[in-house]
Amino acid sequence: MDISGRLSALRHEMEREHIDIYIIPSEDYHQSEYVGEYFKAREFISGFTGSAGTAVITPDKAGLWTDGRYFIQAEQELAGTGIILYRMGEPGVDTIRGFLEKELPDGGTIGFDGRTSGISSGREYAEIASGKHGRLSYGDDLIGRIWSERPPLPSERAWRLPLSCAGENAESKLSRVRREMTDAGADVHLLSSLDDIAWLLNIRGNDIAYCPLVLSYMLVFRDHAELFADEDKFSEDLRTELDRCGVVLRPYTDIYQAVRALPDRMSVLLDPERVNYMLYRSIPGQVRIIERENPEILMKSCKNEIEAGNIRNAHIKDAVAHTKFMYRLKKIAAGNADADSGILRDPETSEPLTETKASGMLEKFRMQQEGYIEPSFEPISAFGEHGAIVHYSTSPDTDSVLCTGKMLLMDTGGHYLEGSTDITRTIALGDVPPEEKKDFTLTARAMVRLMNTVFLHGCSGTALDLAAREVFWKEHLNYNHGTGHGVGYLLNVHEAPVGFRWKEGRSPMPALEKNMVISDEPGIYIKDSHGVRLENLLLVCENEENEYGRFMHFEPLTLVPVDLDALLPDRMTQEERTMLNDYHRKVYETIGPLLEDDEREWLRRYTRSV
């Protein structure tokens, strides 16, 4: 059934249920950024494969809302479907709320699956419906009715993260959370966010691609806790460990029954951004609800000393793999490219090298590293004009053959037992046009400036975003995504609450604290031509304290050369060149001894002073 057929089938179900507008978000039952195959309802109904977006369907209209990372991709994937792309944040573009207020008839009904929409969204829809004397219908999964070949829920095993990696046991973490509950006056803490639960109990799984998490809910009481998950995923040893921590294992779907059974006059702590609307509406009316951010969020964002040390080691391993990859790719471009076409060929098979094969080559080098588990997100291997698509995903139809004269943007990462990595390098294949070198240099300047920023404790990423973005703004340019995001420890590669962005989102970002991990990834994207992004992960470190306050700085965790073949040093300030040279010196001193002789010599040349 094509997209048109799916829309017709959905509209038939809407008519049966007297629903005037049906909303399909991207989230699973836990408001996760990335979701398992079972939960890709928005992709099913629209054909848009990006990780963020919301589809809204009426009897005669269909719209898809997504942000600037996906404008080009969504435009391509929605072509011919009849679904209108609404570019979020652009002037003159209706918000979802604005669209609903225009399209909902008086007395009409807004429908959605309450398990896949958060509390804030549900409240907003209720307010809109009330303004039209209408109602909500949040108890039906209409997509599930028409998705005949829907994948099953995952059933892979959960596993325990060793204390040597976690740095703190589950009992200690539970005690810290319970102290926060006491301070808030809460009797029970409702948890739905998968990364918070995984961090709290030191468990990991494989229920979502690239996110080593377990589908679960949790109720933390003062004297015990209840974990709601598929019991078959837990070994006897893991069950014993949970029992030792006072955690009772219950079936995944029992959470709604458990919430409905909460005693009157009990107080429950929950995060309205991380609990679904159905769960919220299941809480009895006499239970007092305390709404605030999950205490686990800030706790897990500030890595302990063991985690910080492990993360450094993970990045050294990742740098070895990535440097070996860059060396091989450069060698192929120089010696295994067709004289006429410039097509790069695999030296072993003589087959053309494509985006997918390049990504596979890098993955093989990562797999050679001890402690490597899997990619930390879907790899982006974007050649030439594909680099302008911020979250490009290659497919058999788009898998470009690499050739000289253009750039390859590689945004990839890995999960290791010692932590998670996320790196972007844009690599020149042979000589590239001056305009692309100019854009590359602009991006490199932005990255090193932010990486070398010294700041007073109390600054958030909003205050510091300008250190990178200013070089673009002075050229009247911009990039339509944040400059950086927090990174989890073998959890979500995009981790709240920190980031670099020039304007606040729904809630203000907190101050940057010691041992937070955050990405530094400015970029520039020229449609139908090329894209450049450079990304390092940074560790927040203490600098010095004096009469002016406590100063902080960043330690670069990512130790991979910035491609000097694409750089125009005369377009950099002397300070920026010094910053890059100092970084490259650290790269060579740390990674050089871990390479083979020919690789080390290559690295020496590619980390030379400019």
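## Cavities, a pocket and local features

The second largest cavity has a volume of about 40 Å³. It belongs to a predicted model, in which a search of the whole structure finds two cavities of 30 Å³ or more.

**Second largest cavity**

- The lining of this cavity consists of Ser 359, Leu 362, Glu 363, Arg 366, Pro 375, Pro 379, Met 410, Thr 412 and Gly 413.
- Helix α15 and strand β17 (406–412) each supply at least two residues of this lining.
- The largest share, four residues, comes from α15.
- By class, the lining of the second largest cavity divides into four nonpolar, three polar and two charged residues.

**Largest cavity**

- The largest cavity holds about 120 Å³ of space.
- It is lined by 13 residues, and the closest to its centre are Ile 24, Ala 41, Asp 113, Thr 116 and Asp 141.
- Strand β1 gives the largest share of the lining of the largest cavity, three residues.
- Eight nonpolar, one polar and four charged residues make up the lining of the largest cavity.

**Second largest pocket**

- The volume of the second largest pocket is about 370 Å³.
- Of its 14 lining residues, those closest to the centre are Ile 332, Asp 346, Pro 347, Glu 348 and Met 361.
- Two or more residues of this lining come from each of α14 (305–335) and α15 (355–367).
- Helix α15 makes the largest contribution to the lining of the second largest pocket, with five residues; α15 also gives the largest share of the lining of the second largest cavity.
- The lining of the second largest pocket comprises five nonpolar, three polar and six charged residues.

- Ser 26 sits in the loop between β1 (21–24) and α2 (41–46).
- With a relative accessible area of 9%, Ser 26 is buried, because buried means under 20% relative accessible area.
- The side chain of Ser 26 makes a polar contact of 2.5 Å with the side chain of Arg 42.
- A polar atom of the Ser 26 side chain also lies 2.4 Å from the backbone oxygen of Gly 53.
- Leaving aside residues up to four places away in sequence, Ser 26 touches Val 35, Phe 39, Arg 42, Ser 51, Ala 52 and Gly 53.

**Aromatic pairs**

- The whole structure contains 21 aromatic pairs.
- One of these is formed by Tyr 29 and Phe 39, with 4.8 Å centre to centre and 80° between the planes, an edge-to-face arrangement.
- Tyr 29 and Phe 39 are 10 residues apart, and each is in the loop between β1 and α2.
- Both partners are buried: Tyr 29 has a relative accessible area of 6%, and Phe 39 has one of 5%.
- Phe 39 is also among the residues that Ser 26 touches.
- Elsewhere, ring pairs link Phe 112, Tyr 125, Tyr 138, Tyr 277 and Tyr 280 into a cluster.

**Backbone geometry**

- The peptide bond that joins Ala 496 and Pro 497 is cis, with omega of about 10°.
- Pro 497 lies in strand β23, which covers residues 495–500.
- His 476 is not a glycine, yet has a positive phi of about 60°.
- The position of His 476 is in the loop between α18 (466–473) and β22 (484–486).
- His 476 counts as exposed, at 75% relative accessibility.
- Leu 490, likewise not a glycine, has a positive phi of about 55°.
- Leu 490 is placed in the loop between β22 and β23.
- Whereas His 476 is exposed, Leu 490 is buried, with a relative accessible area of 0%.

Methods
Residues numbered from 1 in each chain as written. Predicted model: local features only at pLDDT ≥ 70, side-chain atom pairs only at ≥ 80, totals over all residues. Heavy atoms only, no water. Buried < 20%, exposed > 50% of the residue type's maximum accessible area, 1.4 Å probe, protein only. Polar contact = N/O pair within 3.5 Å; in protein donor to acceptor, adjacent residues only side chain to side chain. Contact = heavy atoms within 4.5 Å. 1 Å grid on protein atoms, 1.4 Å probe; cavity = no way out; pocket = protein on both sides within 12 Å on 5 of 7 lines; lining within 4 Å. Points joined across faces, edges and corners; volume = space filled by probe spheres on them. Nonpolar A, V, L, I, M, F, W, Y, C, P; charged D, E, K, R; others polar. Phe/Tyr/Trp six-rings, centres within 6.5 Å; stacked < 30°, edge-to-face > 60°.
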